[in-house]
Amino acid sequence: MRNTVTFKYPGAAGLALALLGATCGGATFALPADGSSVVGGVRMVTVNPDNTLLDVMRHFDVGYDEITSANRTVSVWKPGAQTPIVVPGQFVLPPRPWTGIVINIPQRRLFYFPAAGKAKGKPATVMTYPLGIAREGWPTPLGSTRIVAKYRNPSWFVPQSIRAEHLRDEGAELPEYFPPGPDNPMGMLAMRTGFPGIYIHATNRPWGVGLRTSHGCLHLYPEDAAELFPLLPVGTPVRIIDRPAVVGLDRDRWVMSTYSPVNEYGSPYSLYTHAALALGEALPPPGRNGPRADIAWSRVRDITASTQPVPTALTADFPGYADTLSRLALEYVDFAPYGMDANNAQLPGAEPPPGP
């Protein structure tokens, strides 16, 4: 196993109090009933001058790669009070089946399709969260598994391989053991998959969500882990896929978003080829009725020239990326900066845990 973990159970009351104080940023959407596979919406905002782009990404529950790819000319540390910031809150859903958890590694995003609502006759929904993914050399396995256990307040015995890597790269030794608490890299909540050593868990470095930081595990913001953890039954199916280009149907238009390929999976294809393959899977065969499929390949080239997390129309008579943004109303959103004190495993605004 990549990680050796032990767990303490503080009691349901303690967890309930923690969850009541959580600021849950995860986005929940009704699944489209018209055959579409796109949810959410893009926003254009300005923020107060004390906010960093890291504050913006956490406030709107997107990851580092998403917010920086959508705002390439914006300073991470000093966006500025009048600077328009794109919030990439629209998502192409992963390929069906829409069951349990689906994680698209290049998209750095988890999608959870709860079964409970459908069983009770309620509209089907999807919940989505940004993820920190595996660093180079430690790829998360692809394929299907399940959630096999859930744990509160994990402790972590650090594998020797990870300690050796940290010493080599950082010039400092990691402890052999991290006890439960806000400095534990496993966070305060962890969900174990059937892949050996692979967990979906909170993190003590939330500013790394959306980056390649883990040794195979999948990192959630603490508040997102707090929202997902009680909803996720043991036995939930988990499917992990590698799709750098995703194609979706947004009502009567085809759209695409693109993400950095993960080289460890060994694909020889360029991002443009990934996009062409994704289109080949998504578009209906010639002669079959359906949405128009006259793709503007110049747009595909533009979308794959660099990563583009905002789903962009692929037919020329729909607005392209720049035109879509130009039509958005500019909103001022006022919220307090999280600050570096929030770069730990606690929920935002939570009081430090009591001593032993």
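The following conversation goes through several local features of a predicted model.

Reader: What kind of model is this, and how are residues numbered?
Author: This is a predicted model, in which local features need pLDDT of at least 70 and side-chain atom pairs count only at pLDDT 80 or more, whereas totals for chains, interfaces and linings use all residues. Residues are numbered from 1 along each chain as its sequence is written, and side-chain values use heavy atoms, with hydrogens and water left out.

Reader: At what angle do helix 7 and helix 8 pack?
Author: Helix 7 (residues 271–282) and helix 8 (residues 297–305) pack at about 130°, and their axes are 9 Å apart. Helices here are DSSP runs of H or I with at least four residues, strands are runs of E with at least two, and both are numbered from the N terminus. Axes are lines fitted to C-alpha atoms, for helices over the stretch in contact, and angles run from 0 to 180 degrees between N-to-C directions.

Reader: Which class does that put helix 7 in, relative to helix 8?
Author: The angle makes helix 7 oblique to helix 8. Angles under 35 degrees count as roughly parallel, over 145 as roughly antiparallel, 65 to 115 as roughly perpendicular, and the rest as oblique.

Reader: Which residues make the contact?
Author: Helix 7 contributes Leu-271, Tyr-272, Ala-275, Ala-276 and Leu-279, while helix 8 contributes Trp-297, Val-300, Arg-301 and Thr-304. Contact means heavy atoms within 4.5 Å.

Reader: Turning to the sheet, in what order do the three strands lie?
Author: The order is 5-4-22, in an open sheet with mixed pairing. Two strands pair if DSSP finds at least two bridges between them. Strand 5 (85–87) and strand 22 (330–332) each have a single partner strand, so one side of each is left without a neighbour in the sheet. From one strand to the next, the twist averages 45°.

Reader: How do strand 4 and strand 22 run?
Author: Strand 4 (residues 43–46) and strand 22 run parallel and are joined by three bridges. Val-45 stands opposite Glu-331 of strand 22.

Reader: What does Phe-60 touch?
Author: Leaving aside neighbours within four places in sequence, Phe-60 is in contact with Arg-43, Val-45, Val-87 and Val-333. Phe-60 is in the loop between helix 2 (53–59) and helix 3 (64–69). The C-alpha atoms of Phe-60 and Gly-89 are separated by 7.8 Å, although these residues are 29 apart along the chain.

Reader: Is Phe-60 buried or exposed?
Author: Phe-60 counts as buried, at 16% relative accessibility. Buried means under 20% relative accessible area, exposed over 50%, and partly exposed in between, with a 1.4 Å probe and protein chains only.

Reader: Where is the cis peptide bond?
Author: The cis bond joins Arg-96 and Pro-97, with omega about 15°. Pro-97 is in the loop between strand 6 (90–92) and strand 7 (100–104). Most peptide bonds are trans, and most residues other than glycine have a negative phi.

Reader: What is the phi of Arg-108, and what of Asn-153?
Author: Arg-108 has a positive phi of about 55° although it is not a glycine, and phi of Asn-153 is near 50°, also positive. Arg-108 lies in the loop between strand 7 and strand 8 (109–113) and counts as buried at 10% relative accessibility. Asn-153 lies in the loop between strand 11 (143–152) and strand 12 (154–157) and counts as partly exposed at 21%.

Reader: Finally, how many residues of strand 21 are buried?
Author: Six of the six residues of strand 21 (residues 308–313) are buried. Strand 20 (residues 253–258) runs antiparallel to strand 21, joined by three bridges, and Met-256 has Thr-312 as its bridge partner there.
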